[in-house]
Amino acid sequence: MFDVEKIRKDFPILSREIYGKPLVYFDNGATTQKPRCVVEKIEEMYYNTNANIHRGVHFLSQAATDEHEKARRTVRDFIHAGKESEIIFTRGTTEAINLVASSFCREFCKPGDEIIISTMEHHSNIVPWQIQGDIFGVKIRVIPINDKGELIWDEFEKLFSEKTKLVSVMHISNVLGTINPVEKIIEAAHAHNIPVLIDAAQSVQHTPIDVQKLDCDFLVFSGHKIYGPTGVGVLYGKENWLDKLPPYQGGGEMIATVSFAKTTYNELPFKFEAGTPDYVGSTALATALDYVSAIGLENIYVYENKLLDYATEKLLQFDKMRIIGTADYKTGVVSFLVGNIHHYDMGMLLDKMGIAVRTGHHCAQPLMDALGIEGTVRASFAFYNTKEEIDRLVAGLERIIPMFG
Ligand code: PMP
């Protein structure tokens with residue numbers, strides 16, 4: 001499939017030691033590590049190709065502009081969008097959702113209208129809708145989940161009414177690993193003429209995505225979770241939606257003409273890219289996407305699922321192990337609790353063994369409330385992780401669990 005040991009050499013940080021122990025990095029859901037080519041691209045841009053883009057006639061400005069626009073085409077191809085004008089660079093998933101929430105509610109919503117989200121959403125797909133809700137009188141309706149951490153389909157269908165304006169759901173849960181049936185969700189919403197936003201923050205790095213096949217209206221993701229740099233992300237939107245949405249922020253680049261009497265706006269995608277974009281970030285993100293494409297998302301999906309199956313099987317050997325999120329279709333993430341051991345204590349002790357896991361509510365407090373827990377310990381995988389690293393986690397738990405009696 002692919003040579004993991006060879007791949008690991010591309011990620012210098014993976015050979016670090018933490019407290020004198022080789023690092024086991026299982027916090028990929030929060031952010032992924034960066035291959036050397038991504039860091040080198042950032043360096044290369046700043047050392048050789050740095051100038052503000054789009055407005056310059058000089059060589060460097062043109063070269064940087066070319067890199068940024070080439071990156072846009074790389075993103076377009078990566079998610080199989082039809083047009084590069086449908087790719088908007090943002091700061092990340094959070095900003096992309098805030099953009100849609102703000103512009104969509106302003107243009108299309110009136111008091112009493114509703115946005116459908118789900119119980120398992122990350123705060124960044126809840127709070128932007130609440131903020132806009134306060135401004136425009138829009139309410140959220142929430143798809144409940146079952147004990148396995150799957151959306152309850154019948155309840156979802158009941159949420160549609162003449163007040164529904166948009167469905168915004170995550171593709172893969174950052175806590176449960178659940179792969180939501182987004183194709184079916186989009187089909188059902190479209191049957192009601194309702195557009196759908198897909199939060200792909202936890203899916204674009206684990207599974208191939210084709211926005212045209214999916215037929216989603218908006219899709220968002222963060223560069224840093226797919227081996228790219230922090231501070232850059234993507235909003236994909238169908239052209240007919242993006243055309244209708246008003247700008248999110250005002251400033252340079254997003255305008256056609258400005259006068260004190262009246263300002264007109266630039267064409268897509270620039271209408272949504274106010275100010276100097278992170279052109280170094282966008283080009284390094286493109287490098288990351290090329291790197292991932294060379295390994296192949298199909299291969300990544302298969303490999304990471306093997307890791308997940310292995311981890312699940314090993315974790316279940318512990319007596320008081322409770323896996324949070326047992327959906328039929330899941331990937332990438334295993335969340336767990338053991339007996340009454342606090343997730344934070346577990347995380348701290350694993351850390352001392354060089355094992356990085358995330359603990360807490362994972363920015364999904366409403367999900368924690370629904371599950372009746374405060375938080376979990378979460379191990380989230382990347383294609384550079386190995387079974388041996390899972391064995392290290394298991395060995396760590398073998399030491400920690402008896403400490404709590
Ligand atoms: N949605 C999901 C499902 C996530 O996992 C995250 C990050 N944990 C976000 C949104 C927010 O991403 P960012 O902080 O990169 O904007």
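Visitor: Is Glu253 buried or exposed?
Guide: Glu253 counts as buried, because its relative accessibility is 13%. Buried means under 20% relative accessible area, exposed means over 50%, and partly exposed is in between, with a 1.4 Å probe and protein chains only. This is a predicted model, in which local features need pLDDT of at least 70, side-chain atom pairs count only at pLDDT 80 or more, and totals for chains, interfaces and linings use all residues. Residues are numbered from 1 along each chain as its sequence is written, and side-chain values use heavy atoms, with hydrogens and water left out.

Visitor: Where is Glu253 found?
Guide: Glu253 is in the loop between α9 (239–244) and β11 (255–258). Helices (H or I, at least four residues) and strands (E, at least two) are DSSP runs, numbered from the N terminus.

Visitor: What is the phi of Glu253?
Guide: Phi of Glu253 is near 75 degrees, a positive value in a residue other than glycine. Most residues other than glycine have a negative phi.

Visitor: And what about the phi of Asp215?
Guide: Asp215 is not a glycine, yet has a positive phi of about 70 degrees. Asp215 sits in the loop between α8 (211–214) and β9 (218–222). With a relative accessible area of 32%, Asp215 is partly exposed.

Visitor: Which residues does a cis peptide bond join?
Guide: Leu268 and Pro269, with omega of about 0 degrees. Most peptide bonds are trans. Pro269 is placed in the loop between β12 (263–265) and α10.

Visitor: What does Asp243 touch?
Guide: Asp243 is in contact with Leu268 and Lys271, leaving aside its neighbours within four places in sequence. Contact means heavy atoms within 4.5 Å. Asp243 is in helix α9 and is partly exposed, with a relative accessible area of 48%.

Visitor: How far apart are Asp243 and Ala370?
Guide: They are 127 residues apart in sequence and 38 Å apart in space, C-alpha to C-alpha.

Visitor: Where is Asn240?
Guide: Asn240 is in helix α9. Asn240 is partly exposed, with a relative accessible area of 44%. From Asn240 to Ile143 there are 97 residues in sequence and 27 Å in space, C-alpha to C-alpha.

Visitor: Now α10. Is Ser282 buried or exposed?
Guide: Ser282, which lies in helix α10, counts as buried because its relative accessibility is 0%. Not counting residues up to four places away in sequence, Ser282 touches His68, Ala71, Phe89 and Val232. The C-alpha atoms of Ser282 and Gly223 are separated by 8.3 Å, with the two residues 59 apart along the chain.

Visitor: And Thr287, buried or exposed?
Guide: Thr287 has 17% relative accessibility, so Thr287 counts as buried. Thr287 is found in helix α10, which covers residues 279–295. Cys37, Val38 and Lys41 are touched by Thr287, not counting residues up to four places away in sequence.

Visitor: Different topic. Which residues are around the ligand?
Guide: Thr93, Thr94, His122, Ser124, Met170, Asn174, Asp199, Ala201, Gln202, Ser222, His224 and Lys225. A residue is near a molecule if one of its heavy atoms lies within 4 Å of it. The shell divides into 2 nonpolar, 8 polar and 2 charged residues. Here Ala, Val, Leu, Ile, Met, Phe, Trp, Tyr, Cys and Pro count as nonpolar, Asp, Glu, Lys and Arg as charged, and the others, Gly among them, as polar.

Visitor: What lies 2.6 Å from a nitrogen atom of the ligand?
Guide: An N or O atom in the side chain of Asp199. A polar side-chain atom of His224 lies 2.7 Å from an oxygen atom of the ligand. The protein covers 85% of the 400 Å² of accessible area that the ligand has on its own. Accessible areas come from the Shrake-Rupley method with a 1.4 Å probe.

Visitor: Last one, the whole protein. How many helices and strands?
Guide: The protein has 14 helices and 17 strands. Buried residues make up 59% of the 405 residues. The C-alpha atoms fill a box of roughly 75 × 55 × 35 Å, taken along the principal axes. The accessible surface comes to about 17300 Å², of which 51% belongs to carbon and sulfur atoms.

Key
A polar contact is a pair of N or O atoms within 3.5 Å; within protein, one must be able to donate a hydrogen and the other to accept it, and residues adjacent in sequence count only if both atoms are side-chain atoms.
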